Amino acid sequence: MKRRTFISSAAKAAMLAVPTLMFRNLAWAAKSAYSRMMQMRTYNGISDLGELPYFELTGSGRLRMIVEGLEGGIDGHTHLCLNALAGGTPDLMKRHPKTQYYLPPNINSSLDVYINQNAGAEDKKKMTGVIIDSLTPGGSDVTDTHTIPNLIEEMDRLKIEKAVVLPVRMGIPFGDDMTERYMQAVRSSGQEERFILCGGIEPTLDDALEKIETYNRAGLRGIKLHPNFGRFFPNDKKAWPAYELCGKFDLPVLIHSGRTGFKERKTLGFKLYTEDFADIGNFEEPIAAFPDTRFVLCHSGAMQNEQAIKIAKNNKNVWMDIHGQGVTNIQTMIRELGPERLMYGSDWAFYPEAIMVARLLLATEHDKSARRMIFRDNARRFWKL
Ligand SMILES: [Zn+2]
């Protein structure tokens, strides 16, 4: 072979080899992220979830859901700015270029653990800082971004048609009017049809019944309770009349349920925030006492999922939002309980929508009927849409 011919064929081979190798490496990298998620169910940052066949990445690096025939989802668990006490009242109609979440989404994560277990000690400390900021003067840059336009932007990308919005009543002396603020904002947004707004009450306070009456009259769709923030036990008999009235008005009671593994600390011998209130053991008594009241166990009992499943099995007036549960637990719930009373939920803006969408889609890869029911149909029936 002449030297020139040799050089030119070597060059040609190199020209072909470089893109081939690049392509192989790219394909290998993509395949490895995808198979890692399918087999080990881990991912490193939200954009990694874009390797799943359910999503594409937008120009700005956000996830868009592209599953054919799946749309009109209902997110059963969202919050707008949770500011209260002296934390001010952020503009709920302001569009922020980037939503900031309570917990950082771009970390090495497993799709198969209770969702907050992915966050490290530092991340959890930061989240506590955000909560404290949102209750103290100056507010929080993070919760400032939890607005109606920011939520809708995310809903649109993930094919979520409607979001159940949950204000939290804290039972504090002032700045505890989250429900009223949400009501005004949703009404003035011109996007009322995108939201299913609930009212937040504390069922053991003297004003509980009056609040339920007012919220029912105002057309709110359900009542949200948070035992840990409100510092009450769901099985406290003082809450009984509230459960009864909700049943009478057919207002579902949505309760934060179960322990999330939060590490408690005592301040001057006092637990400022404790999960003792929302322990799953405190739920069955009121649920069984009011069979005509519909209860939603938010987070499906969190890390006490097994007990939550038992409660739901025993009591037909129980539904669950799947927020926080891993792929295996979602599959277990579908198998043990049936999909009919399970509903999708994201707990926005503690987390982006995409995480729970990914978990639900992976869990129902071989059960498209359950997928559709949990993403949309069950909630439509539940909320009488
Ligand atoms: Zn929540």
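Strand 4, which spans residues 73-78, is mostly covered, with six of its six residues buried. Here a residue is buried if 20 or more other C-beta atoms lie within 10 Å of its own, exposed if 12 or fewer, and partly exposed in between, with C-beta atoms placed from the backbone. Helices (H or I, at least four residues) and strands (E, at least two) are DSSP runs numbered from the N terminus. The model is predicted: local features need pLDDT of at least 70, side-chain atom pairs count only at pLDDT 80 or more, and totals for chains, interfaces and linings use all residues. Residues are numbered from 1 along each chain as its sequence is written.

Strand 4 pairs with strand 6 (residues 160-165) in the parallel sense over four bridges; two strands pair if DSSP finds at least two bridges between them. Gly73 faces Ile160 of strand 6, and Ile74 stands opposite Lys162 in strand 6. Strand 6 is also mostly covered, since five of its six residues are buried. Strand 6 pairs in turn with strand 7 (residues 195-197), again in the parallel sense, over three bridges, and Ala163 has Phe195 of strand 7 as its bridge partner. Between strand 6 and strand 7 the chain passes through helix 5 (residues 178-188), and this β-α-β crossover is right-handed. A crossover is given that name if, with the strands pointing away from the viewer, the path from the first strand over the helix to the second runs clockwise.

Further along comes an open sheet of six strands in the order 8-9-10-13-14-15, with parallel pairing. Strand 8 (199-200) and strand 15 (342-343) stand at the edges with a single partner strand each, so one side of each is left without a neighbour in the sheet. Strand 8 runs parallel to strand 9 (residues 223-225), joined by two bridges, and Gly200 has Lys224 in strand 9 as its bridge partner.

Some backbone details also deserve a look. Most residues other than glycine have a negative phi, and most peptide bonds are trans. His299 has a positive phi near 70 degrees, and Ser300 has a positive phi near 50 degrees. His299 is buried, with 29 other C-beta atoms within 10 Å, and Ser300 counts as buried with 29 C-beta neighbours inside 10 Å. The peptide bond from Trp348 to Ala349 is cis, with omega near 5 degrees; Ala349 lies in the loop between strand 15 and helix 12 (353-363).
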